[in-house]
Amino acid sequence: MAPTLALVGATGAVGSVMIDILNERESWPWGEVRLIASPRSAGRKIRVRGEELTVLALAPEVFDGVDVAMFDVPDEISAQWAPVAAERGAVAVDNSGAFRMDPDVPLVVPEVNAEQIGNRPRGIIANPNCTTLSMMAALGALHRAFTLRELVVASYQAASGAGQSGVDRLYAELAAVAGKQVGVRGGDVREALEAAGLSTSDSPFGHPLALNVIPSAGSYKGDGWFSEELKVRNESRKILGIPDLRVSATCVRVPVITTHALAVHARFAGPVTVEAAHDVFAGQPSIVLVDDPAAGVFPTPAEVVGADPTYVGRVRQALDFPDTLDFFVCGDNLRKGAALNTYEIAEELAGALAS
């Protein structure tokens with residue numbers, strides 16, 4: 001019998017992207033799909049692969065008979081309900097941050113460490129943070145070929161990484177500054193926003209984002225570090241299986257709606273050439289190499305948004321650092337960075353259940 005799939009958070013921002021993915025996939029291993037959300041969303045109708053499904057209210061019994069349950073909900077909801085799904089016999093694939101660093105929960109990117117899917121003593125598999133995930137296909141391939149030793153990363157993170165409130169805020173700010181001569185002196189952007197009734201005290205970013213960049217993402221954790229930066233460090237170590245990997249990250253919020261970009265400086269165990277790196281990237285089906293800087297050809301968020309693969313360009317050897325590569329990577333933070341990776345884990349599970 002084909003396995004049953006449940007999607008928890010079916011009406012949310014990432015859940016909506018997941019519905020698109022379900023409708024687009026060529027292969028279909030599932031016998032039944034259940035859409036689950038909060039009680040206020042229960043009863044809504046959503047079409048999945050030509051069938052109109054009714055959204056069910058989140059409750060223990062909705063997991064009865066479910067083989068794989070994908071969670072696209074806030075941390076606190078996953079923390080409460082993913083163990084319930086596991087107790088009812090489902091494998092929970094969680095997109096929140098609730099279980100990522102739990103030693104009994106694998107943190108999985110199928111292109112990198114699919115073998116960890118079978119190592120799930122709690123019946124839960126975690127999906128990485130979208131920032132870490134945006135570079136992981138590229139780093140995993142390079143690590144297999146050259147052995148990664150150190151990693152320095154600067155991220156340029158889209159507003160959608162802060163949720164729908166971040167998207168709404170950036171749209172509102174862009175409308176407030178459109179057509180105005182602002183940015184000549186420090187207060188101009190803020191003044192334009194305040195004139196439109198947009199106080200920075202009400203912003204999820206704490207500063208103007210339109211015509212600006214903000215060197216913080218997530219919550220402040222002390223000693224100069226923000227949570228997104230620590231996630232890059234800790235999750236990279238766990239996914240790659242390098243517990244002593246040296247990592248330093250600076251995470252920056254930029255006025256882009258969707259698609260994170262990262263500038264990566266990676267040191268390896270020995271010499272590595274641009275040509276060798278190109279060969280590695282070209283051999284990965286989930287990576288698109290876009291690298292002709294002399295012709296102005298390299299990835300940017302505007303070209304990558306809505307795409308499944310990771311896009312890599314600006315590959316070069318660091319001039320003053322031996323055994324290193326610098327490169328630029330872009331990945332849609334709502335698709336591969338959240339929904340698609342979660343679903344790819346579920347597909348791997350479906351294959352394992354069928355074998």
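Ser41 has a relative accessible area of 10% and is therefore buried; buried means under 20%, exposed over 50% and partly exposed in between, with a 1.4 Å probe and protein chains only. The model is predicted, so local features need pLDDT of at least 70 and side-chain atom pairs count only at pLDDT 80 or more, while totals for chains, interfaces and linings use all residues. Residues are numbered from 1 along each chain as its sequence is written, and side-chain values use heavy atoms, with hydrogens and water left out.

Ser41 sits in the loop between strand S2 (32–37) and strand S3 (45–48). Helices (H or I, at least four residues) and strands (E, at least two) are DSSP runs numbered from the N terminus. Leaving aside residues up to four places away in sequence, Ser41 touches Thr11 and Val55, where contact means heavy atoms within 4.5 Å.

Two side-chain polar contacts are listed below. A polar contact is a pair of N or O atoms within 3.5 Å; within protein, one must be able to donate a hydrogen and the other to accept it, and residues adjacent in sequence count only if both atoms are side-chain atoms.

| Side chain | Partner side chain | Distance |
|---|---|---|
| Ser41 | Thr11 | 3.3 Å |
| Asp168 | Gln164 | 2.8 Å |

Asp168 belongs to helix H5 (residues 164–177) and, at 44% relative accessibility, is partly exposed.

The contact of H4 with H7 consists of 6 nonpolar, 5 polar and 3 charged residues. Here Ala, Val, Leu, Ile, Met, Phe, Trp, Tyr, Cys and Pro count as nonpolar, Asp, Glu, Lys and Arg as charged, and the others, Gly among them, as polar.

The whole structure holds 6 aromatic pairs. Rings of Phe, Tyr and Trp (its six-membered ring) pair if their centres lie within 6.5 Å; planes under 30 degrees apart are stacked, over 60 edge-to-face and the rest tilted. Phe63 and Phe71 are stacked, at 5.9 Å centre to centre and 20° between the planes. Phe63 is buried because its relative accessibility is 0%, and Phe71 is buried at 0% too. Phe281 and Phe327 are edge-to-face because their planes lie at 65°, with centres 5.7 Å apart. This pair links distant parts of the chain, with Phe281 in helix H8 (residues 274–282) and Phe327 in strand S16 (residues 324–331). Both Phe281 and Phe327 are buried.
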